[in-house]
Amino acid sequence: MQTNRRPETYSENQTKMHARPVPNKLLVLWLTLLVVLVLVGAGLFVWQSKQGSTQAKQTTVPPVMTVTVEPAQVRMVHQEVRVTGSIWARDPLTLASEANGLQIQKVMVDEGDQVKMGQVLAVLNSAILSAELEREKALLAASQAALQKSFQPNRKEDINGLAAAVAQARASAAQQQAVRVQAEANLSNAHNNAKRYLDLLGQGAVSAQEAEAKETTERVARAELKNAEEKIHASDFVLKQAQERLSMAESGGRREDVQIAQADVQRAQANVHRLEALLAQTVIRAPSDGLITRRDAHIGDSSMSGKSLFTMIRDNEIELRAQVPEKDLAVLRTGQTVKMSSPALGSKIVDGRVREIGSNVDPDTRLCTVRIAVDSTSGLKPGMFAEGRVSLQNYNATTVPSRAVVSRDDKNF
């Protein structure tokens with residue numbers, strides 16, 4: 001049975017296990033020691049490698065730059081200031097007409113032409129202005145004649161007629177005086193008769209009718225005297241007026257009439273002068289010698305007040321407007337000579353002269369405008385770029401070769 005055989009198998013296995021050989025303890029010990037030595041050696045190797053690398057870095061010799069030594073020398077140094085900028089017209093002139101709505105009839109010059117002062121550049125249509133001027137001249141002549149007449153408005157024959165009127169008025173006044181004397185005498189006679197007849201009526205010598213007739217005659221005589229006196233006043237007034245007219249005719253016109261006539265003459269003269277000025281503006285002339293740089297006038301165009309017809313450079317004067325750093329202003333002076341060049345001139349060098357140093361420095365750029373006069377025959381034209389060199393005094397300085405100077409971050413070493 002299986003239950004009886006299992007113990008035997010177990011016993012046999014144990015017997016076989018006890019029967020295997022036992023490892024050597026000394027061999028195990030050596031193997032363990034060998035493993036420890038290998039680990040320690042590896043650690044020492046790694047540590048020495050790191051130490052060696054560090055020492056190698058510490059003992060590395062930096063590279064050496066090879067240089068050439070030259071002695072510094074005291075030499076004469078030429079000092080100059082360099083400036084750059086654009087060429088401008090010193091005084092550009094814009095020519096325009098003050099007359100409006102006039103057609104351009106002639107254009108006498110073109111761009112690039114040299115002109116002289118007073119030279120005709122263009123002509124505008126002046127027919128309307130000429131007609132108006134002739135009319136105003138006629139009105140002026142009429143006003144001047146009226147002024148002369150206001151001083152002596154009457155001719156000689158008119159004055160003689162006024163003198164005759166004075167004589168006639170004087171004669172009429174004398175006649176009225178005589179009538180008055182006669183009227184006074186008649187009244188006195190009529191008064192005496194009326195009184196006498198009144199006394200006789202009281203005595204019964206005359207009738208009442210006769211007495212009343214004498215009183216009526218007295219009243220008529222009194223009325224005739226009054227009428228004579230009134231005619232005397234009228235004749236005196238007529239005589240006075242005739243004398244005043246004669247006096248005015250002999251002495252001249254009244255002051256008010258003369259003043260009015262003078263005002264008319266002045267108004268007519270002002271209109272004539274205005275039209276003459278407008279007529280002169282129809283001829284466009286050069287205000288000075290110079291160069292025509294631009295022409296905007298074309299035949300058939302209408303003129304407008306303020307509209308440019310020509311642009312010119314007065315007296316052909318041009319200049320370089322250079323922007324100079326403020327640090328260089330201390331050595332610049334008006335009148336200094338400037339050697340100028342431009343790409344447009346090639347290798348040609350032209351002379352300039354410092355004409356004006358600006359009074360203001362731009363607070364943002366720290367630059368100041370310096371104006372340098374340039375000869376108009378130099379070949380430079382407005383708009384060109386140019387460079388100038390202003391020579392200053394030479395001085396002694398310690399110098400080194402330029403190759404020995406190294407520039408970095410705007411600093412020299």
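Begin by selecting E319 and R371: these two residues form a salt bridge, with their closest N and O atoms 3.5 Å apart. The pair joins distant parts of the chain, since E319 belongs to strand 10 (residues 318-325) and R371 to strand 13 (residues 367-374), 52 residues apart. A salt bridge here is a side-chain nitrogen of Lys or Arg within 4 Å of a carboxyl oxygen of Asp or Glu. Strands are DSSP runs of E with at least two residues, helices are runs of H or I with at least four, and both are numbered from the N terminus.

The model on display is predicted: local features need pLDDT of at least 70, side-chain atom pairs count only at pLDDT 80 or more, and totals for chains, interfaces and linings use all residues. Residues are numbered from 1 along each chain as its sequence is written, and side-chain values use heavy atoms, with hydrogens and water left out.

Remain with the first pair and colour it by accessibility. Is E319 buried or exposed? E319 has 0% relative accessibility and counts as buried, whereas R371 is partly exposed at 25%. Buried means under 20% relative accessible area, exposed means over 50%, and partly exposed lies in between (1.4 Å probe, protein chains only).

Now move to helix 6 (residues 255-281) and select D264 and R267. Their side chains meet in a salt bridge, at 2.7 Å from N to O. The two residues are about one helical turn apart because they lie 3 residues from each other in this helix. D264 is partly exposed, with a relative accessible area of 27%.

The next stop is R314 and D315, a salt bridge whose closest N and O atoms are 3.2 Å apart. R314 is partly exposed at 27% relative accessibility, and D315 is partly exposed at 36%. Side chains of opposite charge can pair when their charged atoms come close.

Finally, display the whole protein. How many salt bridges are there? The count comes to 18. The protein contains 6 helices and 17 strands, and 24% of its 413 residues count as buried. Among contacts (heavy atoms within 4.5 Å) between residues at least 6 apart in sequence, 78% join residues at least 24 apart. The accessible surface, computed by the Shrake-Rupley method with a 1.4 Å probe, comes to about 29,200 Å², of which 54% belongs to carbon and sulfur atoms.
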